[in-house]
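Hi everyone, thanks for coming.

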Amino acid sequence: MSESEVQATQWNRREFPEAAKDLLQDSQTRKNVQHATNVIQAKRKRVVDELADWEELRESGRQVKAHTLRHLDHYLMQFEEQCTRAGGHVHWASDAAEANRIILGLVQKHEAKEVIKIKTMTSEEVGLNAQLEQNGVHPIETDLAELIIQLGKDRPSHFVAPALHVNKQQVRAMFQREMNLPDLGDKPEDLATAARNYLREKYLRIKVAISGGNFLIADTGGVCILESEGNGRMCLTLPDVLISIVGIEKIIPSFRDLEIFLQTLPRSATGERMNPYNSTWCGVHPGDGPKEFHVVLLDNGRSPILADKEARQTLQCIRCAACLNVCPVYHQTGGHAYESVYAGPIGAILTPQLNSMEAGRSLPYASSLCGACYEVCPVKINIPEVLIHLRGKVVREDQATFAGKFSLWNIGMKTAAFLFEDADRLAMAERFGQIAQKPLVSKNGFIEWMPFMLSGWTQTRDLKAMPAQSFRQWWAEEHSAKKETDA
Amino acid sequence: MPDSNGHRAAILDSIRHALGKRESDEAIAAEYATITRSYTRTGSLDREHLLDLFTDRLLEYDAGVYRAAPGSIRDVIAEILTSRGKHGLAIPLGIPTEWLPAGFAFDVAEGWDAYRLDKAEGILTGCAVAIAETGSIVLQNAPQQGARILSLVPDYHLCVVFADQIVETVPESFARIQPTLPTTFISGPSATADIEMTRIKGVHGPRFFDVVIVTV
């Protein structure tokens with residue numbers, strides 16, 4: 001199997017409406033997702049509301065990220081220079097294949113048969129684990145949620161809490177089976193202890209670790225990682241070699257900018273004032289941490305997004321997942337319906353763009369445009385605006401193809417536009433509708449079934465029949481009657 | 001090796017192509033300076049309320065909190081170790097002897113590997129700065145704090161924080177952090193929110209965490 005095929009089997013297998021239909025049948029998963037997102041939303045609200053300067057923090061965060069994106073190459077080169085000066089090695093990967101090639105090369109150079117990993121969605125994005133496995137290297141996920149996903153041969157459904165769709169009874173059953181612990185208790189603490197015991201020996205023994213990164217810091221050449229369990233610190237501190245794979249948009253200009261994001265990210269992501277551990281380091285530090293440090297800067301479809309001024313803000317994302325937790329669509333379907341590492345509202349705008357609009361084309365439609373995602377976003381990404389912008393892109397691209405141009409959808413929309421653009425034509429259409437609907441209207445005044453392409457509308461709802469007289473007809477009549485009285 | 005396949009040039013070219021003309025370093029620095037930063041930078045609490053806030057936050061994370069007068073650090077540490085049933089702790093370089101009570105073993109863990117630290121009963125450190133609003137303690141690779149591994153592998157961490165090291169807000173703490181040193185922000189004992197989004201204490205980092213606040 002080629003690398004692109006490996007990824008294809010994992011993600012982008014189906015479009016959203018099809019995948020969502022299956023997931024809506026899975027009542028257990030829906031219950032788990034709804035429970036977890038309700039819990040996190042309440043926690044987030046509590047710690048966000050207590051900050052009087054929350055809006056100011058959002059605005060500053062937005063400005064820092066927008067500024068960085070406008071000068072992305074400048075800051076990447078500054079990071080490279082500073083990180084190299086601090087003893088780190090900086091690699092550049094245009095695509096998933098190159099990132100995997102670089103990382104595999106480093107792992108093989110150190111003759112490692114096993115590597116420990118901190119949760120990194122970027123590595124999920126490039127399909128790194130499958131690449132390592134195929135080359136005889138066993139990656140061990142150390143984040144509790146990623147461990148649950150790995151042991152369960154599952155896929156992440158949420159980029160902050162990848163196993164959000166699984167409840168504690170399910171985790172317990174899996175640990176009992178996979179860790180051979182038949183007597184494991186069902187308290188959350190028991191599960192955390194099981195993970196601690198399972199991984200402890202591996203941290204102490206394994207010499208190569210792979211991480212992602214929350215922030216790259218241009219002026220110091222440093223990296224910052226936020227986590228909870230201490231598994232991150234284990235991977236960042238104990239092994240001899242550390243490889244961090246980070247998307248190029250994760251960069252910020254200055255160490256001081258963290259004073260903003262260390263307030264907004266924990267509160268938005270896990271509803272905590274601060275998550276238990278944040279680590280920052282620059283290159284290598286003698287006597288403290290790995291002896292060898294590599295950063296792989298990943299583009300993989302990000303840089304072309306910068307050209308689209310309306311959609312560029314997508315890359316401001318700091319991956320807090322607050323937009324997933326608040327989204328009414330995500331609530332119903334969970335993350336797997338998005339068929340992407342990046343689910344939810346941000347995934348709906350990021351995924352199609354990362355794929356040059358060749359995959360995930362239905363995702364911009366997977367939204368009610370209620371705007372809740374924009375309200376909670378700690379860097380003020382106007383997700384509804386970008387969703388509409390991308391819908392426009394999808395439509396224009398479809399219209400440019402032969403099949404799209406002559407599709408019923410396009411002809412229908414063109415016809416509608418033609419009718420609505422002229423008063424006489426609209427009046428004619430109304431009169432036509434009033435007559436044509438007659439056989440379809442039931443006794444209660446509703447249309448319960450429509451033919452052909454219109455059937456989609458009436459599948460899940462009834463349509464109120466057009467009244468015998470439209471408002472415009474009534475107005476015209478009133479108006480002329482009034483004139484007569486006046487005269 | 002970094003650009004063996006021309007990926008560096010390809011990425012930088014692609015970014016430049018998307019963004020248009022490149023601005024001078026001075027212009028970029030000038031633009032950066034115009035970023036609005038009207039969020040709260042300095043706190044407004046008096047010393048006593050600040051200590052109370054810090055204490056409340058730590059307790060909420062399920063850390064143990066103790067207070068000591070400058071002359072009684074040693075006694076308070078002895079009390080804590082006795083109640084925890086510890087016979088001694090590992091320490092980084094630079095811990096003042098007046099912190100260390102008699103009758104307990106304190107071994108400087110300089111150069112210890114993970115296996116040896118794993119057998120230690122715990123670690124005693126100072127800190128660089130602490131943040132009341134978030135209940136966070138910042139450790140850097142410096143005397144009294146040591147390498148990151150020290151506060152990570154042992155299952156118990158006892159941290160001494162002087163009242164004048166506590167600031168109210170996150171931005172205030174940044175004035176006291178050296179940006180290039182290995183740094184860890186610690187907010188309570190190790191925990192996870194990965195199962196049903198509920199904070200569960202005690203995963204891979206120290207599961208037991210006590211703080212001694214030294215009132216000056």
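Let me start with a definition: buried means under 20% relative accessible area, exposed means over 50%, and partly exposed is what falls in between, with a 1.4 Å probe and protein chains only.

Some housekeeping. This is a predicted model, so local features need pLDDT of at least 70 and side-chain atom pairs count only at pLDDT 80 or more, while totals for chains, interfaces and linings use all residues. Residues are numbered from 1 along each chain as its sequence is written, chains are lettered from A and ligands numbered from 1 in the order in which they are written, and side-chain values use heavy atoms, with hydrogens and water left out.

Okay, chain A overall. Chain A has 487 residues, and 59% of them count as buried. The C-alpha trace spans about 100 × 55 × 50 Å along its principal axes. You'll find 23 helices and 12 strands in there; helices (H or I, at least four residues) and strands (E, at least two) are DSSP runs, numbered from the N terminus. Contact, for this talk, means heavy atoms within 4.5 Å. Of the contacts in chain A with a separation of 6 or more, 73% are between residues 24 or more positions apart.

Now back to Glu339(A). Which residue forms a salt bridge with Glu339(A)? That's Arg155(A), and the closest N and O atoms are 3.3 Å apart. The pair links distant parts of the chain: Arg155(A) is in the loop between α9 and α10, Glu339(A) is in the loop between α15 (328–333) and α16, and they are 184 residues apart. Arg155(A) is buried as well, at 10% relative accessibility. The criterion for a salt bridge is a side-chain nitrogen of Lys or Arg within 4 Å of a carboxyl oxygen of Asp or Glu. With that cut-off, the whole structure gives 45 salt bridges over all chains.

Here's another one, Lys187(A) with Asp190(A), where the closest N and O atoms are 4.0 Å apart. Lys187(A) is partly exposed at 48%, and Asp190(A) is partly exposed at 22%.

Next, a bridge to chain B. Asp257(A) and Arg37(B) meet in a salt bridge at 2.8 Å, N to O. Asp257(A) sits in the loop between β8 (251–252) and α13 of chain A, and Arg37(B) in the loop between α2 (25–33) and α3 (47–60) of chain B, so this pair joins two chains. Asp257(A) is buried at 0% relative accessible area, whereas Arg37(B) counts as partly exposed at 21%. There's also a network: salt bridges that share partners join Arg46(A), Glu50(A), Arg267(A), Arg273(A), Arg57(B) and Glu60(B).

Arg267(A) turns up again in helix packing. Ile40(A), Arg44(A), Val47(A) and Val48(A) in α3(A) meet Arg267(A), Ser268(A) and Ala269(A) in α13(A). The axes of α3 (residues 27–49) and α13 (residues 258–269) of chain A come within 7 Å and cross at roughly 150°. That makes α3(A) roughly antiparallel to α13(A).

Then there's helix α9 (residues 144–151) of chain A, with 7 of its 8 residues buried. What covers those buried residues? The cover includes α7 (121–126), β3 (138–141), α10 (168–178) and α11 (188–205) of chain A, together with β10 (191–192) of chain B. In that chain B strand lies Ala191(B), which is buried at 1%. Leaving aside neighbours within four places in sequence, Ala191(B) has contacts including Ser228(A), Glu229(A) and Pro276(A).

Most residues other than glycine have a negative phi. Arg319(A), however, has a positive phi near 60°, and so does Met357(A), also near 60°. Arg319(A) is in the loop between β10 (292–298) and α14 (322–326) of chain A and is buried at 12%. Met357(A) is in the loop between α16 (344–354) and α17 (372–376) of chain A, buried at 4%. Ser362(A) is in the loop between α16 and α17 as well, and, leaving aside neighbours within four places in sequence, is in contact with Glu15(A), Phe16(A) and Pro17(A).

Methods: Axes fitted to C-alpha atoms, helices over the stretch in contact; angles between N-to-C directions. Parallel < 35°, antiparallel > 145°, perpendicular 65-115°, else oblique.
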